[in-house]
Amino acid sequence: QNEILGRSCTMLQGPDTDPETVLKIRAALNAGEVFEGEILNYRKDGRTFWNEITLSPIPGESGKPLGFVGIQRDVTERKLSEEALRESEARFAETFEQAPIGIALVSPEGRWLKVNQALCEIVGYSATDLYSHTFQSITHPDDLGTDLENVRRLIAGEIFSYQMEKRYLHSAGHYVSVMLSVSLVRDGQGQPRYFIKQIQDISERKLAEKALCDSRHFAESIAENSTSVIYVSDLQTRRNIYTNRNAAESLGYTSVQILEMGDNFLPTLMHPEDLPGVFEQNTLLAEALDGQILDHETRLKHADGTWRWFWTRETIFNRHPDGSPWQIMGTAQDITERKHTEQKLSEALALEKEHSEQARAGDRAKGEFLTVMSHEIRTPMNGILGFAGLLAEIPELTVAGREYAEIITTCSEALLRILD
């Protein structure tokens, strides 16, 4: 106290004391007016502090103030809090404006109170235009009901925030898909003040999802309408993961029934004689390269109890993280009719072969017969020709006898020509 009494208040001032404030204080003192304000002062140890001061003049008889009554209060903590608040608000404003996603403050009634540039770019409106709209007026009618119900629950305290996909009407007339995240700020009495909305444009993602969905639908349509059986199964368990419609139609079971068979599919439906071939196929597939196709034929039991032949072609579809085969994709064609045709053709060829062998045996028998007959006929026929020649040389032979001898010779030679 002794260090302060009798000294000027300027002792509290320092390098960072605002000179404008000092001038205002002096002007008020000279004019005999009350001064209220704040000034940065210095403590004895050199540390700064904020002073909230009120200076009131003490009037004298001459009209001039005899002095002043000063009241001061250390408001350093308040000033620091205010500065921190200003910095926080500045950071928020900077974040708000420079955020890569849309951010908005919206009243409980739905009016846009503050929007950033990113949101304006998403919906195609300027900030001024948006302030004349409500979020309800630019929301797709099909999304509005869900959005309003979430708002109701948020205001009622049933939830603390919500997130949903919705569509906003762009100023150009088309709808923009966004991911909306909403929270509510309340006042000191717990009443709703405004909503904080974060809005991310997901139009490209939605287009990609649609393209993927269309592609998947296209692939599924091909698979479901294929005349071949198409399936995906686990290589180790041989459990079917997917089968198309034709798989059920070809075997007389529903797709659900086939999937429910699980790892009992092969033991239940495959011909016992074909199981070793399937196990060998699995061994080959375990070592197969991507894109390599292995095929084999097998028999499966139809729901009516008959055996149907199938020609299958299989390849690796998915692998485990370590690279080992996990799932295979295969196609199978019902070749039962072809196998029946091949069987009939095989039987016909066997019968034809049998007939050919019988014909060759007949030809051999015929040849042997003709050889024997040629020998048996040629020997006496040569004798007949010889005697017919001798007969024709007899001088006493009549004309009729000579004619008869010539007839014998002619007929005998004709018979020999046949034998030759």
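Student: Which ring does Lys 339 lie over?
Tutor: Lys 339 lies over the face of Trp 309, 4.4 Å from the ring centre. A charge counts as sitting over a ring if NZ of Lys or CZ of Arg is within 6 Å of the ring centre and within 35 degrees of the ring normal. Keep in mind that this is a predicted model: local features need pLDDT of at least 70, side-chain atom pairs count only at pLDDT 80 or more, and totals for chains, interfaces and linings use all residues. Side-chain values use heavy atoms, with hydrogens and water left out, and residues are numbered from 1 along each chain as its sequence is written.

Student: And what does the charged end of Lys 197 sit over?
Tutor: The ring of Phe 135, with 3.5 Å to its centre.

Student: OK, strands. How many bridges join E7 to E8?
Tutor: Nine, and E7 (residues 175-186) runs antiparallel to E8. Strands here are DSSP runs (E, at least two residues; helices are H or I, at least four), numbered from the N terminus, and two of them pair if DSSP finds at least two bridges between them. Ser 183 stands opposite Ile 196 in E8.

Student: What's in the turn between E7 and E8?
Tutor: They form a hairpin with five residues between them, and Gly 190 in the turn has a positive phi of about 85 degrees.

Student: Which strand does E4 join?
Tutor: E4 (residues 102-106) is joined by five bridges to E8 (residues 192-201), again antiparallel. The bridge partner of Val 106 is Phe 195 in E8.

Student: Switching topic: is Asn 116 buried or exposed?
Tutor: Buried, with a relative accessible area of 0%. The cut-offs are under 20% for buried, over 50% for exposed and partly exposed in between, using a 1.4 Å probe and protein chains only. Asn 116 lies in the loop between strand E5 (112-115) and helix H3 (117-123).

Student: Last one: what's the strand order in the open sheet?
Tutor: E10-E9-E13-E12-E11, five strands with antiparallel pairing. E10 (240-243) and E11 (294-301) stand at the edges with a single partner strand each, so one side of each has no neighbour in the sheet.

Student: Which residue stands opposite Tyr 231?
Tutor: Thr 243 in E10. E9 (residues 229-234) and E10 pair over three bridges.
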